[in-house]
Each structure stands twice: as structure tokens, then as C-alpha cells.
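Colleague: I have some time to go through this model with you. Shall we take it question by question?

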Amino acid sequence: MKKQKQETADSIENSAAKIKELSVAASTVTKFILMIVFADIAINVYFFMRNIISGKDLDDIVKFAEEIIRWGIYTIMLFSVSKMFKKISEEGTPFRDHSVKCLNTVGILFMLNSCVPSYISGIIIGITSSFENANFSVSLDNIIIGAIFLLLAKIFSYGCILQQESDETL
């Protein structure tokens with residue numbers, strides 16, 4: 001019986017070490033992706049300014065505004081996920097309240113990203129010309145991805161309860 005408990009403890013220790021290693025790697029990858037996102041935003045700003053100076057039409061300006069909003073939301077998601085992986089690497093378990101909050105945040109942001117950029121560009125077009133020319137759309141794939149993240153948050157919430165019970169019994 002004592003040997004079995006020791007093997008279980010060793011297995012848990014190995015799993016925690018692997019979780020920490022993977023979380024550090026995931027945090028590093030998300031920071032790298034953030035650098036790419038910032039570079040893309042900088043390139044878009046450059047082309048936007050060039051289009052304004054050369055007197056391009058309103059469609060280019062609206063497309064740019066839509067992309068900046070979309071990438072801004074993605075940036076917030078990546079910051080949140082990077083912070084979550086950092087906390088997981090520090091604590092050694094993903095089943096904590098901060099992970100649930102992060103997954104909820106990412107799910108809601110995905111859902112917002114499905115419609116907010118389009119609505120804002122539609123409003124810009126409506127204000128500058130007429131609302132007849134405005135195009136409002138919703139991205140179903142982002143809504144589905146957001147719903148999946150929200151479901152994962154519920155699963156992680158249950159995992160938090162189990163983790164807490166496990167910590168209390170040990």
C-alpha cells in the first residue's frame with residue numbers, strides 16, 4: 001500500500017513537472033505570436049497612413065479600422081492566454097480560478113470578434129455616407145470557437161473543484 005502511494009506521488013510530481021515545462025513553452029510561443037501581431041498592426045498602420053496621404057477612398061479606411069479592431073481583440077486574447085500559461089507554470093496545475101477566468105475571457109472575446117469589427121465599420125460607413133451602404137455581418141466560426149472556449153471554462157471549473165478536493169485530502 002505504501003509503495004502504491006509513493007508511485008502515485010511520483011506520477012503526480014512528474015505530471016506537474018511536464019505541465020510546468022509545457023506551460024513555459026506555450027507562454028513563450030504566445031509571446032512570439034504577439035510580436036508577429038504587433039508587426040502586422042504596424043504594417044497596417046503604415047499602409048493606412050499612406051492611403052490617407054494619397055487620398056484613397058473610404059472603403060480602405062473602413063477595412064483598416066475593422067482589421068485594427070479585430071487584431072486588437074486577438075492581442076487581448078493572446079495576452080490573457082500568455083498570462084494563464086505563466087500562472088500554470090508557476091503553480092504546476094491548470095485547474096485554478098485564473099484559468100477559468102482566462103478561458104471565459106477568450107470565449108467572450110471570440111464571440112465579440114465575430115460581430116464588433118463589422119458593426120463598427122458599418123457605423124463608420126453609415127455616418128460618413130449612408131446606412132444603406134453599411135454592411136453588418138456576423139462570423140459564425142468565431143461564435144462556435146467562442147462557445148467551445150466557454151464550454152472548456154465550465155470543464156476547467158469542475159476540474160478546479162476536483163483539484164481543491166484532491167489538495168484537501170492530501
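Colleague: Leaving aside its neighbours within four places in sequence, which residues is Thr-30 in contact with?

Modeller: Bear in mind that this is a predicted model. Thr-30 is found in helix H1, which covers residues 2-53. Once neighbours within four places in sequence are set aside, the contacts of Thr-30 are Leu-78, Val-81, Ser-82 and Phe-85.

Colleague: Is Thr-30 buried or exposed?

Modeller: The cut-off for buried is under 20% relative accessible area. Thr-30 has 7% relative accessibility, so Thr-30 counts as buried.

Colleague: Let's step back to the whole chain. How many helices and strands does its secondary structure come to?

Modeller: Read along the sequence, the pattern is α-α-α-α-α. The count for the chain is therefore five helices and zero strands.

Colleague: And what share of the contacts with a separation of 6 or more comes from residues 24 or more positions apart?

Modeller: For background, the chain has 170 residues, of which 29% count as buried. Among contacts in the chain with a separation of 6 or more, the share from residues 24 or more positions apart is 74%.

Colleague: Now the largest nonpolar core. Which element gives the most to this core?

Modeller: This core has 14 residues, and those touching the most other members are Met-77, Met-84, Val-100, Cys-102, Leu-103 and Val-106. The elements giving two or more residues are helix H2 (58-91), H3 and H5. With six residues, the element that gives the most to this core is H3.

Colleague: What does Cys-102 touch, apart from residues up to four places away in sequence?

Modeller: Cys-102 is one of the core residues that touch the most other members. Not counting residues up to four places away in sequence, Cys-102 touches Ser-80, Val-81 and Met-84.

Colleague: How are H3 and H5 oriented, roughly parallel or roughly antiparallel?

Modeller: The axes of helix H3 (residues 97-113) and helix H5 (residues 140-169) come within 7 Å, crossing at roughly 165°. Angles over 145 degrees count as roughly antiparallel. That makes H3, relative to H5, roughly antiparallel.

Colleague: How do the residues of the contact of H3 with H5 divide?

Modeller: The crossing of H3 and H5 is left-handed. On the H3 side the contact includes Val-100, Leu-103, Ile-108 and Phe-110, and these H3 residues meet an H5 set with Ile-145, Phe-149 and Leu-152 among them. The residues of this contact divide into 15 nonpolar, seven polar and one charged.

Colleague: One residue there interests me. Which residues does Asn-104 touch, not counting those up to four places away in sequence?

Modeller: Asn-104 has its place in helix H3 and is partly exposed, with a relative accessible area of 28%. Asn-104 and Leu-150 are 46 residues apart in sequence, yet 5.3 Å apart in space, C-alpha to C-alpha. Not counting residues up to four places away in sequence, Asn-104 touches Leu-150 and Ala-153.

Colleague: On to helix H4 (residues 116-128). Which residues is Ser-118 in contact with, leaving aside neighbours within four places in sequence?

Modeller: Ser-118 lies in helix H4 and is buried, at a relative accessible area of 5%. Leaving aside neighbours within four places in sequence, Ser-118 is in contact with Glu-66, Asn-135, Phe-136 and Ser-137.

Colleague: Finally, is Asn-135 buried or exposed?

Modeller: Asn-135 lies in the loop between H4 and H5. Not counting residues up to four places away in sequence, Asn-135 touches Ser-118 and Gly-122. The relative accessible area of Asn-135 is 53%, so Asn-135 is exposed.

Definitions and conventions:
Residues are numbered from 1 along each chain as its sequence is written. This is a predicted model: local features need pLDDT of at least 70, side-chain atom pairs count only at pLDDT 80 or more; totals for chains, interfaces and linings use all residues. Side-chain values use heavy atoms; hydrogens and water are left out. Axes are lines fitted to C-alpha atoms, for helices over the stretch in contact, and angles run from 0 to 180 degrees between N-to-C directions. Helices (H or I, at least four residues) and strands (E, at least two) are DSSP runs, numbered from the N terminus. Angles under 35 degrees count as roughly parallel, over 145 as roughly antiparallel, 65 to 115 as roughly perpendicular and the rest as oblique. A crossing is left-handed if the near helix is turned anticlockwise from the far one by less than a right angle, and right-handed if clockwise. Contact means heavy atoms within 4.5 Å. Ala, Val, Leu, Ile, Met, Phe, Trp, Tyr, Cys and Pro count as nonpolar, Asp, Glu, Lys and Arg as charged, and the others, Gly among them, as polar. A nonpolar core is a set of buried Ala, Val, Leu, Ile, Met, Phe, Trp, Tyr and Cys residues joined through side-chain atoms within 4.5 Å. Buried means under 20% relative accessible area, exposed over 50%, partly exposed in between (1.4 Å probe, protein chains only).
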